[in-house]
Amino acid sequence: MSHWDLMGYKKRKRGERVFRFKTFGENGYPVDFDGSFLENVKALLELGQSESGSGVGMPCWSFELEINRQPPLHVLLYVIEEPIEASLSHHCKHCLYVGWGQHLISNKKYHFLLLSKDITPASLIFKGDSLEANPMKVKCNLTEAQGRTMHGVFHSNGFGHLMCINGLESGSDLPGFQIMDFWDRLCTGLKARKVSLNDASSKRGMELRLLHGLAYGEPWFGRWGYQFGRGSFGVTLPMYKKAIEAIQGTPLTLLIHHLGSSGHDVLLIFSRYQSLSDRTLVSLGDLFHFMLELATRVPRSNFVDSYCSPGFLLETACRWSPKRVEMATRVIVEALKGAEFRWISRQEVRDAARAYIGDTGLLDFVLKSLGNHVVGKYLVRRSLNPVTKVLEYCLEDVSKASVESESSVTSSSNLRTRSKVTRVQLMKDMFSVYKHIFKERELGIGTCIGDNVSLAARIILDSRFLLKEYTGDLPSKLELGLGGKFKLFCTVLLRDAVRCEWKTKPMPPYECVVLKDNATVNELKVEVERTFRELYWGLKSFVAESVVNLNTSGSEMVFGLVEVGRRLVFEGSVLQQGAIGRDMYECDADGGRVVDCACGAKEDDGERMIACAVCEVWQHTWCVQIPNGEEVPGIFLCKRCEQVVMVSPSLP
């Protein structure tokens, strides 16, 4: 058991509940997620272990999650409730970067963290003075903390951001896909509205959004439904789609011709994998798709290319002849094939083989040696059943690693060649092709093929912000509730009390309001006020004055006047003026930076920018020829203002 597990156990009393990691977040586990996002979060936290003494300084709960029973492996999920008063900034820069700058600032954020083994929650939260020494100067630092296996944050209105995941290559006990499965279940169960992420994922020096874009036409996160959300440097969705199409269809023959001195190395790699495939690899997308698919099938262990050459058995001391070992191997594989690729116990395999092989010692030797090796076109898998504690075997057809039609048959020569390619060699070859084409940029400058590939790759790499919509503004399930209650969906339209005119900002999302069947319109207004005051910092003094799309008096009964699930808009105003009244939205009170860059960007996209000292308009440093590694100058003039200064008469 890991050091982190022991720390978790020390903090828990005997009998504390342990949750299953692989099903945590599914509907009904650990709770029924049948309310709004905020209600679901509150219901979940009721089952958490309070960490009031953890030194975090904010409400914190933990959940012990069991990944494996045998061998035992547990992790701790921490949920930290961050009130807006504890934030370094009231504004969320991640909302701004993905186009949510017009959202109202939420009262609270909820951080969901899976931590590394040597990290404690308190070490993530604060920097500077300690909480005990000077609580007023303690600054929250969750969004910049290091050492997190997973960090996701939700605003109280259900919009969220996946800040990071760190898989096995970063020292985690969990692979990245299992962490993403967990996160996706959590978002779905809690009924999050929309979630964004900044795709900076890489594998062995290769950017996954480019690698998977080449192979599959979508980012790695696309398998969980995350798609293009917003691009940097003026990149739009049509530009992204055209870039994917162009780079996938790049002909390999033309590409290799323009690679210059490295073309020979890439040609050798291409020839190697073309010999493995029963389908012609025509384009760059074909090559990377085949290599990535092959990587999911090739085992990490040694290979044997046929029944006739069980080399893995002969490497160890063996008292049986190769012919007898070969015969026993064939019998065992045929017995496993009879199981139709299901997992069966070692005893079942042994009993089936005993009908043909009487030497039990030989059978035991081959069964022990066969585990996780390839025989012919089959991978023999062996695993310990965590429930029964019994060794089990199954077959996997590794010939499916090739890109082939349903009717094609893999030739024996291809199988022999495939068995000579290890996973290590495959990843090395993939990186070599990636490096020569995208990193070293050896494609001929000024050539059509070189310019197209470089431009397409740049557009894909500049498409970092991905989005997934989980529930949107309204849930799909609408019905009359139990106990004489029914649901309405309400939002508010703010009126500025100073200018007495409607705000130009969009309305916040509709929220579900539950009423008794005898409630009046005035009682509905009170419930709407309570709901939106709880959610949004700028609406703490919100007063609902009238219903925009319903002509009624306050004393009328709601039930019968409107149908279940009706959308209502409430006109209202904020009584409290001052800082809160002026600064209610995620963008700054003055609307944020004025951005007008040559690349086409009109809003802050998270890239480094510089402002003109005269007109105060912001542009990307990269677009004004300031390299990323170079410091930003103290004074900068845009081209427009520089020309004005140049033609202006000199001062006396």
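Here is a walk through the aromatic contacts of this structure. The model is predicted, so local features need pLDDT of at least 70 and side-chain atom pairs count only at pLDDT 80 or more, while totals for chains, interfaces and linings use all residues. Residues are numbered from 1 along each chain as its sequence is written, and side-chain values use heavy atoms, leaving out hydrogens and water.

A search of the whole structure finds 17 aromatic pairs. Rings of Phe, Tyr and Trp (its six-membered ring) pair if their centres lie within 6.5 Å; planes under 30 degrees apart are stacked, over 60 edge-to-face, and the rest tilted.

Let's begin with F19 and Y29, an edge-to-face pair with 6.4 Å between centres and 70° between planes. F19 belongs to strand β1 (residues 19-20) and Y29 to the loop between β1 and α2 (37-45), so this pair ties together parts ten residues apart in sequence. Helices (H or I, at least four residues) and strands (E, at least two) are DSSP runs, numbered from the N terminus. F19 is buried at 2% relative accessible area, and Y29 is buried at 12%; buried means under 20%, exposed over 50%, and partly exposed in between (1.4 Å probe, protein chains only).

Now turn to F154 and W183, which are stacked at 5.2 Å centre to centre, with 15° between the planes. Strand β8 (residues 148-155) holds F154 and helix α5 (residues 176-190) holds W183, so the pair links parts 29 residues apart in sequence.

Back at Y29, R20 lies over its face, 4.2 Å from the ring centre. A charge sits over a ring if NZ of Lys or CZ of Arg is within 6 Å of the ring centre and within 35 degrees of the ring normal.
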